[in-house]
Amino acid sequence: GAAFSPDGKLAATAASDKGARLWNAETGALITPLAGHTRAVTQIYFSPDGARLLTGSQDKTARVWDAKTGAPLATLAGHNRAIASAQFSADGKRVVTASHDKTARVWDAQTGALLATLPTDASEAQSIAISRDGTHVVVACYDGAARIWDISAYRPR
């Protein structure tokens, strides 16, 4: 995975070596590695305001990082198989993860607290998207179906 910050000044990459990296997009210089995952990191995303990074890994966790320092802010643990997809909500307050464990989960992006578990029935999740208004999530599954949930009730406290 790879991503640019909203202002285009930073780039972030995910890697199969269990790490992720934050780069200066203008010079190509490494700013900091993001270490902590124990298996391949497969996704990386900036928060809408560019202040945080979100990584998803085959180690069954997602992590939230400070985009300036690379400091870990929260570990989102609870899936029992690899993370297939992860996204910040448009307001940056929630993260939704989807896993090969046949669930999607809604998390508080600040504290890492689990807000909800959404079953995808008998199919592994492949990809997710959160509506712009943050009220719904769609999960595309390997069985060819999409599951849509209203997540407006799951708000960080």
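Asp17 counts as partly exposed, with 43% relative accessibility; buried means under 20% relative accessible area, exposed over 50%, and partly exposed in between (1.4 Å probe, protein chains only). This is a predicted model, where local features need pLDDT of at least 70, side-chain atom pairs count only at pLDDT 80 or more, and totals for chains, interfaces and linings use all residues. Residues are numbered from 1 along each chain as its sequence is written, and side-chain values use heavy atoms, with hydrogens and water left out.

## Salt bridges

Side chains of opposite charge can pair when their charged atoms come close. A salt bridge here is a side-chain nitrogen of Lys or Arg within 4 Å of a carboxyl oxygen of Asp or Glu. How many salt bridges does a search of the whole structure find? It turns up three.

Another joins Arg81 and Glu124 at 2.9 Å, N to O. That pair links distant parts of the chain, 43 residues apart: Arg81 sits in the loop between β8 (72–77) and β9, and Glu124 in the loop between β12 and β13 (125–130). Then there's Asp143 with Arg147, whose closest N and O atoms are 2.9 Å apart. Asp143 is partly exposed at 44%, while Arg147 is buried at 12%.

Now for the strands, which are DSSP runs (E, at least two residues) numbered from the N terminus. Four of them make an open, antiparallel sheet in the order β9-β10-β11-β12. β9 (83–88) and β12 (114–119) are at the edges with a single partner strand each, so one side of each has no neighbour in the sheet. On average, neighbouring strands are turned by 15° against each other, direction ignored (axes are lines fitted to C-alpha atoms, and angles run from 0 to 180 degrees between N-to-C directions).

Two strands pair if DSSP finds at least two bridges between them. Five bridges join β9 to β10, and Ile83 has Ser99 in β10 as its bridge partner. Five also join β10 to β11, where Ala98 stands opposite Ala104. Ala104 also stands opposite Leu118 in β12.

## Inside strand β10

Is β10 (residues 94–99) mostly covered or uncovered? Covered: six of its six residues are buried. Arg94, Val96 and Ala98 are on one side, with Val95, Thr97 and Ser99 on the other.

Notes
Helix = DSSP H or I, 4+ residues; strand = E, 2+ residues; numbered from the N terminus.
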